[in-house]
Every structure is written in structure tokens, then in C-alpha cells.
Amino acid sequence: MDREALKYEFYIGAGVEEVWNALISPEGTRKTFFGCVLQSTFEKGAPFKYVGPGKEGDETVHVYGTILTYEPLREISYLEHPGASYHDNHAELESRVTFTLDTVGACTKLTLVNDGWSPNHTAYENAKSHWWMILSSIKTVAETGKALDFGW
């Protein structure tokens, strides 16, 4: 079954640098990606992983993959797989994630596209709801510096 692309556009009352930091920096991703840190050299073709508290302790790999594009303050795109603790066939489960930042007046427009889902990827429905939480967190952190409390 082909899955349609998930696309979200958020307008954020903060500059591109604040939004980028919420997406990339360890301080930002801890607040916006459920306590995880994005680890990579960010070169095209380089590996990346989101590491944080989970089933395997504080260093659980939640998502990993390969950097496709990295243009600071503009775009990051990667092919992703769920961490090994989620599915035995994690290497077969793949999608593409692209974050793009544009300046609109005094705001930053953040566009997220999550597409290229492998046919057997089981996280599609989960991603539909979790992206709203992550994007809301990015908006809040970029605007206020404070993380959202989801009560977990």
C-alpha cells in the first residue's frame, strides 16, 4: 500500500536561527524530540541517530539513518529507520524526512515532509500524531525556550 506524504507547515514567531537550534542542537532536540539528542557529522551520506531514554536505557537509539542534505539554517533531509529496539526488521523500514526553513516577515516558516515510506513500515499512523507533538514543541521552544510538558 502506498502511503501519502505527511506534510506540515508551521509559522513560528522566532528567527531562523532559533528554529534551527531547536531542530539540531543537543539542547534543542532534548526539549523537542522527547529527550533525544541528534548525533551526526551532518555531511551528505553521513549516518545519524536520535539517542535518548528508552527501552534500552539512556542511550536507546530511537531513529537512525543517513543524511541526504544539510544546509545550515535552511534544510535538513534524511532517510530514517526506527531503532532496533522497536522492530526486528528495522533496517527494512524506511522513510524520508525533510525539514525546510523560510523567513516570512518576522517569522520562520517550518515545513516538514515525511514521505517515501517503505510498503511494510508500521510507524506511519504513529508518525501522523507524533509529528504534531514534535512540531508544536519546536515552535514553543523556538519562541519561549521552554519545552512542552506532555505529562510523561
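1. The second largest pocket holds about 150 Å³ of space. A pocket here is an open set of points on a 1 Å grid over the protein atoms alone, where a 1.4 Å probe fits, with protein on both sides within 12 Å along at least five of seven lines; lining residues have an atom within 4 Å of a point. The volume is the space filled by probe spheres set on the points, which are joined across faces, edges and corners. Among the residues lining this second largest pocket are Arg30, Lys31, Phe34, Ser137, Asp149 and Trp152. Helix α2 (residues 26-32) gives the most to that lining, with 3 residues.

2. This is a predicted model, in which local features need pLDDT of at least 70 and side-chain atom pairs count only at pLDDT 80 or more, while totals for chains, interfaces and linings use all residues. Residues are numbered from 1 along each chain as its sequence is written, and side-chain values use heavy atoms, with hydrogens and water left out.

3. The largest pocket contains about 670 Å³ of space. Its lining has 24 residues, and Phe34, His62, Val63, Asn126 and His130 lie nearest the centre. Helix α3 supplies the largest share of the lining, 5 residues. Helices (H or I, at least four residues) and strands (E, at least two) are DSSP runs, numbered from the N terminus. By type, the lining divides into 16 nonpolar, 7 polar and 1 charged. Nonpolar covers Ala, Val, Leu, Ile, Met, Phe, Trp, Tyr, Cys and Pro; charged covers Asp, Glu, Lys and Arg; the others, Gly among them, are polar.

4. The largest nonpolar core has 34 residues, and Ile76, Tyr78, Phe99, Leu110, Trp131 and Ile138 touch the most other members. The largest share of this core, 8 residues, comes from α3. Such a core is a set of buried Ala, Val, Leu, Ile, Met, Phe, Trp, Tyr and Cys residues joined through side-chain atoms within 4.5 Å. Buried means under 20% relative accessible area, exposed over 50%, and partly exposed in between (1.4 Å probe, protein chains only).

5. Leaving aside neighbours within four places in sequence, Phe99 is in contact (heavy atoms within 4.5 Å) with residues including Leu23, Phe33, Tyr78, Leu110 and Trp131. Ring pairs link Phe33, Phe48, Tyr50, Tyr78, Phe99 and Trp131 into a cluster.

6. The whole structure has 12 aromatic pairs. One of them joins Tyr8 and Trp132 edge-to-face, at 4.8 Å centre to centre and 85° between the planes. Tyr8 lies in strand β1 and Trp132 in helix α3, so this pair ties together parts 124 residues apart in sequence. Tyr8 is buried, at 6%, whereas Trp132 is partly exposed, at 46% relative accessibility. The rings of Phe10 and Trp132 form a tilted pair, with centres 5.9 Å apart and planes at 45°. Rings of Phe, Tyr and Trp (its six-membered ring) pair if their centres lie within 6.5 Å; planes under 30 degrees apart count as stacked, over 60 as edge-to-face and the rest as tilted.

7. Which backbone angles deserve a look? Most residues other than glycine have a negative phi. Phe34, in the loop between α2 and β2 (37-40), has a positive phi near 55°. Phe42, in the loop between β2 and β3, has a positive phi near 65°. Phe34 is partly exposed, at 32% relative accessibility, whereas Phe42 is buried, at 15%.
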